[in-house]
Amino acid sequence: MKPEIVRKKLLGWYATHRRSLPWRETSDPYAIWVSEVMLQQTQVATVIPYYLRFMDRFPTTKHLAGADIQEVLKLWEGLGYYSRARNLHRAAGVVASRFNGRVPDDPATFRSLPGVGDYIAAAVLSIAFGQAVPVVDGNVKRVLSRLLEIDTPVNRSGAHKIFQEPAALFLCTKHPADFNQAIMELGALICRPKNPDCRCCPLSSLCRANRHDQTAHYPKRDAARKIPHRHLAIGVILKKGKMLVVQRQIDGFLGGLWEFPAVPADERQTNREAFKAMIAADTGLRITMDRRLTRIRHAYTHFTLTGDVYLCRHVAGRVRLKSAQDHRWVTLRSLRRLPLHKSNHKFLDALAAALGPQKNQST
C-alpha cells in the first residue's frame with residue numbers, strides 16, 4: 001500500500017467533505033488548543049456551544065489565566081472530565097507569565113504544559129503550527145486498524161506506539177494539518193465504530209478489512225472490566241431557608257466542583273442513624289432527616305452511581321469540614337451560579353418543586 005496514494009485519496013475527500021466547524025475558521029493556536037482539549041472524549045455536536053461560549057468569555061490565554069477557576073468550571077459545567085478545564089487554566093497561566101500569552105511552538109516546551117499529552121501536542125503542533133507530527137486518537141486508530149488489519153487491541157496499554165508508526169508513515173508532511181484532520185474526520189463521519197459507510201469511503205479499495213469482509217471485526221478491543229457501582233445518600237440540609245453545599249478538593253475527582261454532602265449508603269435502605277453520624281463526621285452538623293426527595297442514577301467513566309436524596313434540617317453545630325475544602329449556605333438561586341457536577345443537577349428540579357417559591361432570600 002503506497003502512502004502517497006492514501007494521502008492523495010484522503011486529502012481529496014477531505015477537501016470536499018470537511019465539516020464547517022468554528023475552530024477550523026481560525027489560525028489562532030490558543031483557539032485550536034481549546035477546541036482540541038474540549039474534543040477529547042467528547043463529541044463535536046456537544047463541544048460546539050461550549051467552545052463558542054468559552055472563547056467569547058476567554059478570547060486569549062491572558063483572559064483565561066486571569067479568570068477565577070470557579071468561573072472556568074462553571075462554563076465547563078456539563079462537559080465532564082473537569083481536569084481538562086483545570087489543566088487548561090493552569091497552562092494558560094504559564095503561557096501568560098512565561099511567554100507573554102503566545103502559545104509556544106517548540107514541541108518540548110508545549111509538551112511540558114499542564115494537561116498537554118501526546119494527542120494534544122500532536123494536534124496543536126500540526127494544525128496550528130504546520131509541524132509534521134502525526135495525530136493518534138480513537139478515530140485514527142479505528143481507520144488504521146481496518147485499513148491495515150492491525151490486530152493490536154486499541155484499548156490496550158501501549159497501543160498508541162503501535163499505531164504511531166503507520167500514522168507517521170502515511171502523514172503528509174507538506175500538509176500535516178489537513179491530513180491529520182482528514183483522517184480524524186474520516187473516522188468520525190465514515191469509518192464509524194458501528195455501521196461504517198464503506199461505500200462512501202475514499203480508502204475502501206485499499207482497505208484490507210473491507211477487502212476481506214472483516215470491517216465489523218476491527219478495531220480489536222480487550223474485554224472491558226466490569227464497572228463498579230456505588231450508592232450514596234445525599235443530604236439537602238436546610239437552615240433558615242438556605243442549603244449547605246460543599247466544594248470538592250481542587251485536585252481530586254470532580255475537583256473544585258460543588259455538591260450537596262453525600263456519604264456511602266446501603267442500596268436497599270439508608271440507615272438513618274448511620275447517615276446522620278456520617279454527615280456529622282463530615283460536616284460537624286447535627287441534623288434530622290425529614291423525607292426522601294428522589295433517587296438519581298448517573299454513569300461516570302469508571303463507575304455508576306445511585307443516589308438517594310434526602311431533605312434534612314440543621315439542628316445544631318457549626319460547619320467543620322473533614323474532606324471538602326470549602327462550604328456555603330445558599331439559596332436555590334445562588335446555587336445555580338456555582339459549578340455543580342452533573343449528578344447533582346439531576347435532582348434540582350425536584351428540589352425546586354419541594355422547596356416552593358423562595359422569595360426575599362439573600363443570594
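Analyst: Helices (H or I, at least four residues) and strands (E, at least two) are DSSP runs, numbered from the N terminus. The model is predicted, so local features need pLDDT of at least 70 and side-chain atom pairs pLDDT 80 or more, while totals for chains, interfaces and linings use all residues. Residues are numbered from 1 along each chain as its sequence is written, and side-chain values use heavy atoms, without hydrogens and water.

User: Which residue just after α9 takes a positive phi?

Analyst: Helix α9 covers residues 138-148. At its start, a side-chain oxygen of Asp137 comes within 3.1 Å of the backbone nitrogen of Asn139. Just after the helix, a positive phi of about 50° belongs to Glu149.

User: How many of the 11 residues of α9 are buried?

Analyst: Buried means under 20% relative accessible area, exposed over 50%, and partly exposed in between (1.4 Å probe, protein chains only). The buried set includes Val140, Val143, Leu144, Leu147 and Leu148, and also charged side chains such as Lys141, Arg142 and Arg146. Helix α9 is largely enclosed by the rest of the structure, because the number of its residues that are buried is 10.

User: Which helices do the buried residues of α9 pack against?

Analyst: Packing is judged by contact, meaning heavy atoms within 4.5 Å. By that test the partners of the buried α9 residues are α10 (159-170), α11 (176-189) and α12 (208-211).

User: At what angle do the axes of α3 and α5 cross?

Analyst: Axes are lines fitted to C-alpha atoms, for helices over the stretch in contact, and angles run from 0 to 180 degrees between N-to-C directions. The axes of α3 (residues 44-57) and α5 (residues 69-76) come within 10 Å. The two helices are roughly antiparallel (an angle over 145 degrees). The crossing angle is roughly 155°.

User: Which residues of α5 make the contact with α3?

Analyst: On the α3 side, the contact uses Tyr50, Arg53, Phe54 and Arg57. On the α5 side, the residues are Glu71, Val72, Leu75 and Trp76.

User: Which residue forms a salt bridge with Asp222?

Analyst: A salt bridge is a side-chain nitrogen of Lys or Arg within 4 Å of a carboxyl oxygen of Asp or Glu. Asp222 is partly exposed at 29% relative accessibility, and its N to O distance in the bridge is 3.0 Å. Asp222 lies in the loop between α12 and β1 and its partner in the loop between α9 and α10, so the pair ties together parts that are 66 residues apart in sequence. The partner is Arg156.

User: How many residues apart are Lys276 and Glu273 in helix α13?

Analyst: The two side chains form a salt bridge, with the closest N and O atoms 3.3 Å apart. Lys276 is partly exposed at 24%, whereas Glu273 is exposed at 54%. An α-helix has 3.6 residues a turn, so residues three or four places apart point the same way. Both residues lie in α13 (residues 272-283), where their separation, about one turn, is 3 residues.

User: Which residue is linked with Arg19 and Arg24 in a network of salt bridges?

Analyst: The whole structure holds 12 salt bridges. The residue networked with Arg19 and Arg24 is Glu185.

User: Is Val103 buried or exposed?

Analyst: Val103 lies in the loop between α6 (83-98) and α7 (107-111). Beyond its neighbours within four places in sequence, Val103 is in contact with Pro29, Tyr30, Trp33, Thr61, Val95, Phe110 and Phe129. Its relative accessible area is 11%, so Val103 is buried.

Conventions:
Angles under 35 degrees count as roughly parallel, over 145 as roughly antiparallel, 65 to 115 as roughly perpendicular and the rest as oblique. A polar contact is a pair of N or O atoms within 3.5 Å; within protein, one must be able to donate a hydrogen and the other to accept it, and residues adjacent in sequence count only if both atoms are side-chain atoms.
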